[in-house]
Amino acid sequence: MQRRQSSKAPRLSLQGHHKSQTDLSAWRKGGGIDSEKSLQNQQSVNDEKYDSQEGSLEQALSYLEKVQDCVALKKNSVLQKHLNAVESTALEQGLPPEGFEILLKVALSGKFADTVNTRLLKSLIPASVVPENSVVTAVSWLCVSKCSGNIQLLFLKWLITVFDFIDHKEQLHALYGFFFSFLQDEKMCPYVCHLLYLLTRKENVKPFRIRTLLDLQAKMGMQSHLQALLSLYKLFCPEQVTITLSGKMKSYFKNPEGPWKAAITAVRQRNQGTSPLSQAVFLGTSQPQSRKRKWNAQLVIPATSTNTNNLEEEGEKNSVYLYSTSRSFPVEQLQTFPQLLQNIHHLEFPSQMGSVLTNPLLLHYMNCVKDESIYLRLYYWMGQMLQEECTWCVVDKPHEEEFRSFLETIYKAECLLQEGFSACEEFLYKTLPLWDGVCCRSEILKLVSWIPLSSSSDIKSYLYDPLAQLFFTSSIYFKCSILESLKELLQNWLNCNVIQMDLEFSSLNTTLSGLVNVVAELVHFVGWISTVALRLENNSTFLMYFILDFYETVCDMYVKYNLPLLIMPPAGVFYPALLSMDSVNLNQLCYIMYRYRTNLVAAKENELNKKKILQFKFSNQTYQEYNKYIIAMVGCLWTSSAFQKDIHSQGLRMDDKLLSKTAVKEIKNSFNIVYHPALMGYSVQFLQQVSPDDTTLNFKLIKGKKWDWYLEYLYSQGLKGLKVFIESSISRVSQASRSKAGNVEA
């Protein structure tokens, strides 16, 4: 009778919630009494259906609990009926917490054949939580060996799948040694390692357990599940695990095969669709949650009560322990930054590593403590989730929005930590060749911008080649998105790995060349795809803006980021920008060339003063290429001699005979600051202001003093890049600017 009341209590609250939803829906739709009645009728039908299912489930649980002797399934219509009731209720609504202890006891006690036990275990789909007591009781049945090995194995797979749904785990942690004893079973070993990996704390690492794992490894070979547990042990106690372990594997554990995950997802979505409060009841909070491995779960204390006040009372009772140094501080009670600071050495991380991603306080903790065991746990969990949920790698994963939200959560965590996750990097390298460039585009490109900097030689085949294929075959907007992502990737590399060079002078001395090579490869790659893209898109000014925006970062790598590397843009980018029809692009180019000059001058001064950065210096080719570009720019914009003096192999130099055949008047002046297509609009406006009565617009009048006035007019229109370039690269203007500044100071 008590069970009947507890199972019906949630239904009554849900019924009230449904009614309020019905009223609100009718009001929004402006429906009348008929629509409201129809919805209420539909609701009453659903309530009757749930009443019937609950009654059938209670009868089934009562029957299964009372069975004493072994019962065969064949020709037993009563047993078949109750099994069907359990299965249908589990798949439709999930099982209530009180049903797990009964079903686990029946499945593991050996009363029925393996066929029945298998069906019962596969029906263990939680509607809310899995009580810890029921799991501990089930584990105790493993001691009496009444169930077969296959059933034990299936139970372990279920336990791993629903691990995050277990309301408490202290008693499970106390059973660590019991689970460890099952490692000797070769079939169960991978799943036992998986479970131990989720349960392991520092106090669980003992010398005898390390020896056992090493003996098993010697017996079985380099198994990924043993490597995972040994890696975790070594991170907790590096002085005890002295062997060298292989690098990070793509996947430590195989996914526990079983029907539970898909069924849990379906039940969650169905329950949330009918009642968003169902999860709030489960966790004692009004924030709805979702699926297994709750990556978007809030860190709150799982409560068996449906009243959140109970949670507050429990917090008040435990408040006396909040700042105690004699016990660990549970992260569930971590609410404020002062709490984090006062308990930073006593925090105990949750078993659900995915919940860390949504908790800024725990992310701050990760950033401060740099505990490698945390990163290893997160690496495994994230790698597994990305592999399982990727919508373009798994055929039966239609929930793109859910996966998109997951990727966005990872990106926000990376932004807070200011570093990328290695599991995310491996996921991108593995899936980019299969990506269509459409699904989750924004989120994928954001994650690309946080790929960790490494000296891996595989980055071309894993990252650049797949991106290039998508880049050349996609729209101009996708091209711009990739360029923006690669610019942010470069900035993140420079910020995270190079800006601290002075603080770690000795340690980075051996790896700086590798970092320089990786950054140079990225810059050359962007230069190549930019050159091709400008040809494909007919020198689009929109595309040019993103290309030059990337080179605004490249041109300042020496001065701003302390990296001894400068790479000039290729001619296929420089000359289209110089001859652009848009003043914004031309102004950008002028500013970039000014910053290149600033960086090269600083590098030359450091070289002359013997202040070289870790023995690196720029090659003469960099200076020569810069000088060629400057000659072309000054020849175009100032001296009107670009066609004669440009010495670049891909430049503007042409014979006078060829120029005369164009039949263009004043062709030599075509690209100076008066006649340049990007600046001609300013020339017209200037002449209209200087000579409002002259309607002929004679551009030849802009010379002498009017030339200087015209320069000031251009500067006043916001062309700051043009200003700093002319003042730094043209001697007459530079001298005049310095003397003007001296007069102001005097």
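Author: The protein has 35 helices and two strands. Helices (H or I, at least four residues) and strands (E, at least two) are DSSP runs, numbered from the N terminus. This is a predicted model, in which local features need pLDDT of at least 70, side-chain atom pairs count only at pLDDT 80 or more, and totals for chains, interfaces and linings use all residues. Residues are numbered from 1 along each chain as its sequence is written, and side-chain values use heavy atoms, with hydrogens and water left out.

Reader: What share of the residues is buried?

Author: Of the 746 residues in the protein, 50% are buried. Buried means under 20% relative accessible area, exposed means over 50%, and partly exposed is in between (1.4 Å probe, protein chains only).

Reader: OK, rings now. How many aromatic pairs are there?

Author: The structure has 24 aromatic pairs. Rings of Phe, Tyr and Trp (its six-membered ring) pair if their centres lie within 6.5 Å; planes under 30 degrees apart count as stacked, over 60 as edge-to-face and the rest as tilted.

Reader: Why is the pair of Trp-638 and Trp-707 edge-to-face?

Author: Their planes are at 85°, so the pair is edge-to-face, and the ring centres are 5.3 Å apart. Trp-638 is in the loop between α29 (620-637) and α30 (642-645) and Trp-707 is in helix α33 (residues 705-716), so the pair ties together parts that are 69 residues apart in sequence.

Reader: Are those two buried or exposed?

Author: Trp-638 and Trp-707 are both buried.

Reader: Which rings form a cluster?

Author: Tyr-464, Phe-471, Phe-472, Phe-525 and Trp-528 are linked into a cluster by ring pairs.

Reader: And which helices are those in?

Author: Tyr-464, Phe-471 and Phe-472 are in α22, and Phe-525 and Trp-528 are in α25. Among the other residues that meet there are Ala-468 in α22 and Leu-522 in α25. Contact means heavy atoms within 4.5 Å.

Reader: How do the axes of α22 and α25 cross?

Author: The axes of helix α22 (residues 459-472) and helix α25 (residues 512-536) cross at roughly 15° and come within 11 Å. Axes are lines fitted to C-alpha atoms, for helices over the stretch in contact, and angles run from 0 to 180 degrees between N-to-C directions. That angle makes α22 roughly parallel to α25. Angles under 35 degrees count as roughly parallel, over 145 as roughly antiparallel, 65 to 115 as roughly perpendicular and the rest as oblique.

Reader: Different spot. What sits over the ring of Phe-163?

Author: The charged end of Lys-169 does, 5.0 Å from the ring centre. A charge sits over a ring if NZ of Lys or CZ of Arg is within 6 Å of the ring centre and within 35 degrees of the ring normal. Phe-163 is in the loop between α7 (149-161) and α8 (170-174). Phe-163 counts as buried, at 0% relative accessibility.

Reader: Which residue lies over the face of Phe-180?

Author: Arg-209 does, at 5.6 Å from the ring centre.

Reader: Last topic, phi. What is the phi of Cys-440?

Author: Cys-440 is not a glycine, yet has a positive phi of about 55°. Most residues other than glycine have a negative phi. Cys-440 is in the loop between α20 (422-431) and α21 (441-448), and at 0% relative accessibility Cys-440 is buried.

Reader: And what about Asn-539?

Author: Asn-539 also has a positive phi, near 55°. Asn-539 is in the loop between α25 and α26 (541-554) and is partly exposed, with a relative accessible area of 43%.
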